[in-house]
Amino acid sequence: MLIRASLLSAPSLQELRFEADGGLVVDGKGSITDAGAFEAVSARHPGMVVEDLRPFWILPGLVDLHAHLPQYEAVAADGLELLPWLERHIFPAEARFADGAHARATARTYLRDALSLGTTTTVLYATIHAEATDAIFQEAEACGIRAVIGKTMMDRHAPGSLREDTETSLRDSEELCRAWHGRDGGRLQYAFTPRFAPSCSRELMLGAGRLAQKYGAFIQTHLAENLQELEWVRELFPEADSYTDVYRRFGLLGSRTLLGHGIHLAPAERRVLRESGSHLIHCPSSNAFLQSGIMPLRKWLGEGLSVGLGTDVGAGPSLSMFREMGEACTASKLRRAAQTVQTARLSQVPGLSEEQKLLVAGALDLDPQPALDAVGAFHLATRGGAEALGLGDRLGRLEPGFDADFLVVDIRQADPLKRVSADPAHVLSRLVYRSDPHLVQAAYVRGRRCFHRSGT
Ligand SMILES: [Zn+2]
């Protein structure tokens with residue numbers, strides 16, 4: 001198949017690659033075998049049937065690295081911070097996943113909605129329920145999305161209906177991993193999913209780390225999201241130097257580890273994360289919604305930390321990664337604006353030495369780098385996400401040798417006057433900041449069309 005359309009991708013945080021009249025060849029195995037200017041590509045493939053999609057644009061599929069599928073029905077329950085919000089709104093929604101039919105129906109809706117908004121790879125928390133987790137995997141297998149999924153593990157500090165004993169949690173998780181990890185040529189993968197340190201015993205975390213190692217599976221959990229949560233972790237794990245050190249001690253860090261948030265991190269923690277090759281998932285809409293804080297994203301990236309993006313539904317209100325990209329830019333700008341004010345105020349405090357000012361700047365994670373822009377956010381949501389999953393050589397680019405995970409986007413939906421434009425930077429900025437729900441016309445995973453907007 002030779003597709004003719006404009007091609008847009010972001011190979012790095014600063015770089016856009018754009019082909020106004022592009023050609024993309026996808027083979028029967030779902031790989032991109034040729035890409036570039038249409039004239040040159042078509043000349044290399046004489047006689048190949050052309051699917052002319054102009055004026056639509058082709059973008060790499062979007063990667064959502066952190067979301068809770070069972071929380072979809074509870075989105076936008078406002079008014080609380082993390083811990084009371086979990087108790088009041090989230091645990092009741094998760095308890096309903098004891099009903100396998102409800103889990104399956106929610107999964108079907110969720111995955112269809114995610115694809116319709118451009119997410120071709122999703123990393124999901126299920127609940128503690130093995131049957132529900134299995135149903136989510138089945139729905140992901142059927143709809144064609146690329147997914148990393150894990151049964152949530154909780155053996156303490158959870159309501160009775162969501163608390164398991166340690167052995168059952170480990171056994172059920174291992175069975176699910178054996179059933180699903182690597183299914184369909186690696187399209188589906190398993191993540192051992194201890195929810196977060198406060199809801200896991202030491203034995204559970206140790207066991208999860210060992211099992212992930214044994215099967216080469218992922219580990220996903222939460223880290224340093226909320227200050228009250230940090231205090232609780234300090235009380236529960238007095239032996240640890242920090243929140244990050246808790247996970248280090250129990251063997252949960254490494255290049256297959258995905259850590260939601262990571263907003264409040266001391267320099268020593270950042271060093272441990274960097275050296276272990278662990279990945280942070282920035283979820284800006286969730287962090288704003290629960291008033292958790294604003295990740296110093298540019299600072300973390302500048303220090304060499306690996307960071308991807310996630311919606312964190314249901315604390316994030318939308319499954320749209322376009323919207324999340326816009327939120328990431330906005331959060332970065334707000335942080336920068338606040339920093340400008342803080343720095344100005346600091347300079348007006350009488351009697352502060354330069355050394356004291358530097359100390360304060362360090363404590364506030366002040367960052368001299370400019371705010372994240374749409375190109376950077378697009379990179380994080382495509383190539384950055386692929387790299388966090390160890391798929392940097394397979395996903396996130398529109399180039400030969402990469403898997404054909406891509407979107408067909410109607411850029412007119414983001415234009416106020418519904419026009420076509422050839423200015424890739426401005427178009428991308430509009431896709432990100434306006435995030436219209438009708439942008440995506442079709443979504444492909446390994447060459448298979450998994451979503452198609454009817455009427456186009
Ligand atoms: Zn989360």
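Let me start with two residues, Phe-137 and Tyr-190, which are both buried, where buried stands for under 20% relative accessible area, exposed for over 50%, and partly exposed for what lies in between, using a 1.4 Å probe and protein chains only. Please keep in mind that this is a predicted model, in which local features need pLDDT of at least 70 and side-chain atom pairs count only at pLDDT 80 or more, while totals for chains, interfaces and linings use all residues. Residues are numbered from 1 along each chain as its sequence is written, and side-chain values use heavy atoms, with hydrogens and water left out.

I will begin with the rings. A pair of aromatic rings is described by how far apart the centres are and by the angle of the planes. Rings of Phe, Tyr and Trp (for Trp, its six-membered ring) pair if their centres lie within 6.5 Å, and planes under 30 degrees apart count as stacked, those over 60 as edge-to-face and the rest as tilted. How many aromatic pairs does a search of the whole structure find? It finds 9. One of them is formed by Tyr-72 and Tyr-110, whose ring centres are 5.2 Å apart and whose planes stand at 80°, so this pair is edge-to-face. Tyr-72 lies in the loop between β5 (62–68) and α2 (82–95), whereas Tyr-110 lies in helix α3 (residues 100–116), so the pair ties together parts that are 38 residues apart in sequence; helices (H or I, at least four residues) and strands (E, at least two) are DSSP runs, numbered from the N terminus. Tyr-110 is itself buried, because its relative accessible area is 1%.

That brings me back to Phe-137 and Tyr-190, which form a stacked aromatic pair, with 6.1 Å from centre to centre and 20° between the planes. Phe-137 belongs to helix α4 (residues 130–143) and Tyr-190 to strand β9 (residues 188–194), so to speak two distant parts of the chain, 53 residues apart, that the pair links. Ring pairs join Phe-137, Trp-180, Tyr-190 and Phe-192 into a cluster. The ring of Trp-180 also has the charged end of Arg-183 over it, 4.1 Å from its centre, and a charge sits over a ring if NZ of Lys or CZ of Arg is within 6 Å of the ring centre and within 35 degrees of the ring normal. Elsewhere, Arg-256 lies over the face of Phe-218, at 4.0 Å from the ring centre.

Next come the helices. Helix α13 (residues 321–348) and helix α16 (residues 424–434) pack at an angle of about 95°, with their axes 6 Å apart; axes are lines fitted to C-alpha atoms, for helices over the stretch in contact, and angles run from 0 to 180 degrees between N-to-C directions. The two helices α13 and α16 are therefore roughly perpendicular to each other, given that angles under 35 degrees count as roughly parallel, over 145 as roughly antiparallel, 65 to 115 as roughly perpendicular and the rest as oblique. Which residues make the contact? On α13 they are Phe-322, Arg-323, Met-325, Gly-326, Cys-329, Thr-330 and Lys-333, and on α16 they are Leu-431, Val-432 and Tyr-433, where contact means heavy atoms within 4.5 Å.

Ser-435, in the loop between α16 and β15 (440–445), is buried, with a relative accessible area of 18%. Apart from its neighbours within four places in sequence, Ser-435 is in contact with Ser-320, Phe-322, Arg-323 and Arg-430. Ala-381, in helix α15 (residues 374–388), is buried at 0% relative accessible area, and the residues it touches, not counting those up to four places away in sequence, include Met-321 and Met-325. The C-alpha atoms of Ala-381 and Met-321 are separated by 7.2 Å, although the two residues are 60 apart along the chain.

Let me finish with the backbone. The peptide bond from Arg-54 to Pro-55 is cis, with omega near 10°, and Pro-55 has its place in strand β4 (residues 50–60). Another cis peptide bond joins Val-313 and Gly-314, with omega about 5°, and Gly-314 is found in the loop between β13 (306–309) and α13.
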